[in-house]
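Student: I have a protein model to study, and I want to learn how to read it. Can we go through it step by step?

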Amino acid sequence: MFDLASIEKFEHIATPFYYYDMELLGRTVDMLSCLSARYGIDVHYAVKANVEKRILEMIAGRGIGADCVSGNEVLRALECGFPADRIVFAGVGKSDREIHDALAAGIGAFNCESLHEIYVVNAMAGAYGLRARVAVRINPNIDAHTHKYVTTGLFENKFGIARHEFEALVELLGRCRNIDFTGLHFHIGSQITEVSEVFSLEARRAGEIVSWFEDKGLHVADVDFGGGLGVDYEDPDGNPMAHFEAWFKAIVENYHRRDGQRLHLEPGRSVVAQCGTLISRVLFVKRGETKNFLILDAGMNDLVRPALYGAYHKIENLSSRFRKGFSEMQAYDVVGPVCESSDVWGQGRLLPMSVRGDLMAIRSAGAYGQVMASRYNLRDFAPAVFSDDFDGAPRYADYFGTEMPDALQHLRPAARIPGTDPESAGRI
Ligand code: LLP
């Protein structure tokens, strides 16, 4: 993914930063648009995965809709060019203000997650003299076979309306005068890798549930199967593109589409994960009692997935590619600077011998990376740098008041660790 020219440019940028490959993002979005047309399934990008304006603008510009989970995401989507009627708004806990703003904007649909919410949306629409389009999120009780923190479609999860409330739901919808019921919404989890198995099951279960509501006399115009398609964290270069087609197929082959019915998908991770990389530098190399540590300048506050879910992200030493000759491999525990023992990027990772100043890439970080960052330890937010616009990047020199040594200088580790011999500077 990284050619030497971009790695040289990285040398001048202050780390850590998020790097986005806009060419890969463009190809991914084009692929989605193409499949969307071929299979007749409308796509809404799950904005929560990455809210960078440049990224949203590119996605909106190619005709994809937006799936939002907060009022601010709705406002951001509007600002970045998503037409209001192409925005859906999900989430179990929408505040009055969020509901108001979305109503005023005239969004495509509220994906409501409880009877209580439907009641409140109806009341607010009435009070403001507006109409709300409402799709109802159902809890289909399907195991997505993924991490327990990203499983959403089981009865034990807080999401969606459960079977025992269906009768009451039909009765409530019948009484709501300010709501247009549009259809049903499902989303069973994230980073789903058993694509055909899990999504076929979801499609078949959705079919049964749609029939149940039709039997009660409701017209189900839209069926939204949510997001959840997994990506390859182990081999992002081998599989830069998720198995989109298998996903679309699993839906159309297992769901009997009614005449004129619109089907929808809401991918987040699979759109943006692989185009993003967290670029960091080695600060120090340390020999612990039982292992070697590589201490990076990026930490769990920049990308919390490993600390929060034990998630795997591939780690690469980009600078080692510049070094002449054979680079000895060593096992490292790669860690961040944050004062928490869980601030670990990976344990026992086999990497080329690494030295202070080496640029390190933490791959597949485009989804749920920057958006979940915090300022814990009062650390700065890592900014975004785009492959087609290096000019806006924060320069390393600006932080230090002096021009950084030219890119190739850092290939001489001795220049960075005075008094050490270049050959053994990083050896421990
Ligand atoms: N639709 C709804 C209603 C959702 O809740 C989500 C994600 C999506 C679509 C998009 O799912 P995706 O295609 O991205 O799997 N922070 C976690 C992931 C949380 C996903 C939450 N919901 C992580 O870093 O793995």
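What follows is a set of questions and answers on this predicted model.

Student: How many helices and strands are in the protein?

Tutor: Start with the whole chain. The protein has 428 residues, and 56% of them count as buried. Its secondary structure comes to twelve helices and 16 strands.

Student: Of the contacts with a separation of 6 or more, what share comes from residues 24 or more positions apart?

Tutor: Here we look at contacts between residues that are separated in sequence. We take those with a separation of 6 or more, then pick out residues 24 or more positions apart. Their share is 72%.

Student: Which residues come nearest to the ligand?

Tutor: The shell around the ligand divides into six nonpolar, seven polar and six charged residues. There are 19 residues around the ligand. Those that come nearest are Ser190, Glu266, Arg305, Tyr309 and Tyr368.

Student: How much of the ligand does the protein bury?

Tutor: Look at some polar atom pairs. A ligand oxygen is 2.6 Å from an N or O atom in the side chain of Arg305, and a ligand nitrogen is 2.7 Å from an N or O atom in the side chain of Tyr309. An oxygen of the ligand also sits 2.8 Å from a polar backbone atom of Gly228. Taken alone the ligand exposes 590 Å², and the share buried by the protein is 91%.

Student: Is Asp297 buried or exposed?

Tutor: Find Asp297 in the loop between strand S11 (292-296) and helix H11 (305-309). Its relative accessible area is 10%. Buried means under 20%. So Asp297 is buried.

Student: Which side chain makes a polar contact with the side chain of Asp297?

Tutor: Asp297 touches several residues beyond its sequence neighbours, including Ser280, Leu283, Pro337 and Arg379. Pro337 is 40 residues away in sequence, yet the two C-alpha atoms are 6.2 Å apart. The polar contact, at 2.5 Å, is with the side chain of Thr15.

Student: Which residue does a cis peptide bond join to Thr15?

Tutor: Look at the loop between helix H1 (4-10) and S1. Omega of the cis bond is about -5°. The partner of Thr15 is Pro16.

Student: Why does the span of helix H2 agree with its number of residues?

Tutor: H2 covers residues 22-39, which is 18 residues. The expected span is 1.5 Å times one less than the number of residues.

Student: Which residue caps the N-terminal end of H2?

Tutor: Walk along H2. Its buried residues, among them Leu25, Val29 and Leu32, pack against elements including strand S2 (41-46) and helix H3 (53-61). At the other end, H2 is followed by Gly40, with a positive phi near 65°. At the N-terminal end, a side-chain oxygen lies 3.0 Å from the backbone nitrogen of Glu23, and the cap is Asp21.

Student: Which residue just after H8 takes a positive phi?

Tutor: H8 has 21 residues and should span 30 Å, which agrees with its end C-alpha atoms, 30 Å apart. Its buried residues include Val198, Phe199 and Trp212. Their cover includes helix H7 (166-175) and strand S8 (222-224). Just after H8, a phi of about 95° belongs to Gly217.

Student: Is Leu378 buried or exposed?

Tutor: Leu378 lies in the loop between strand S15 (359-362) and S16. Its phi is positive, near 55°, in a residue other than glycine. Exposed means over 50% relative accessible area. At 69%, Leu378 therefore counts as exposed.

Key: Residues are numbered from 1 along each chain as its sequence is written. This is a predicted model: local features need pLDDT of at least 70, side-chain atom pairs count only at pLDDT 80 or more; totals for chains, interfaces and linings use all residues. Side-chain values use heavy atoms; hydrogens and water are left out. A residue is near a molecule or strand if one of its heavy atoms lies within 4 Å of it. A polar contact is a pair of N or O atoms within 3.5 Å; within protein, one must be able to donate a hydrogen and the other to accept it, and residues adjacent in sequence count only if both atoms are side-chain atoms. Accessible areas come from the Shrake-Rupley method with a 1.4 Å probe; for residues, only the protein chains shown count as cover. Ala, Val, Leu, Ile, Met, Phe, Trp, Tyr, Cys and Pro count as nonpolar, Asp, Glu, Lys and Arg as charged, and the others, Gly among them, as polar. Helices (H or I, at least four residues) and strands (E, at least two) are DSSP runs, numbered from the N terminus. Buried means under 20% relative accessible area, exposed over 50%, partly exposed in between (1.4 Å probe, protein chains only). Contact means heavy atoms within 4.5 Å. Lists of a residue's contacts leave out its neighbours within four places in sequence.
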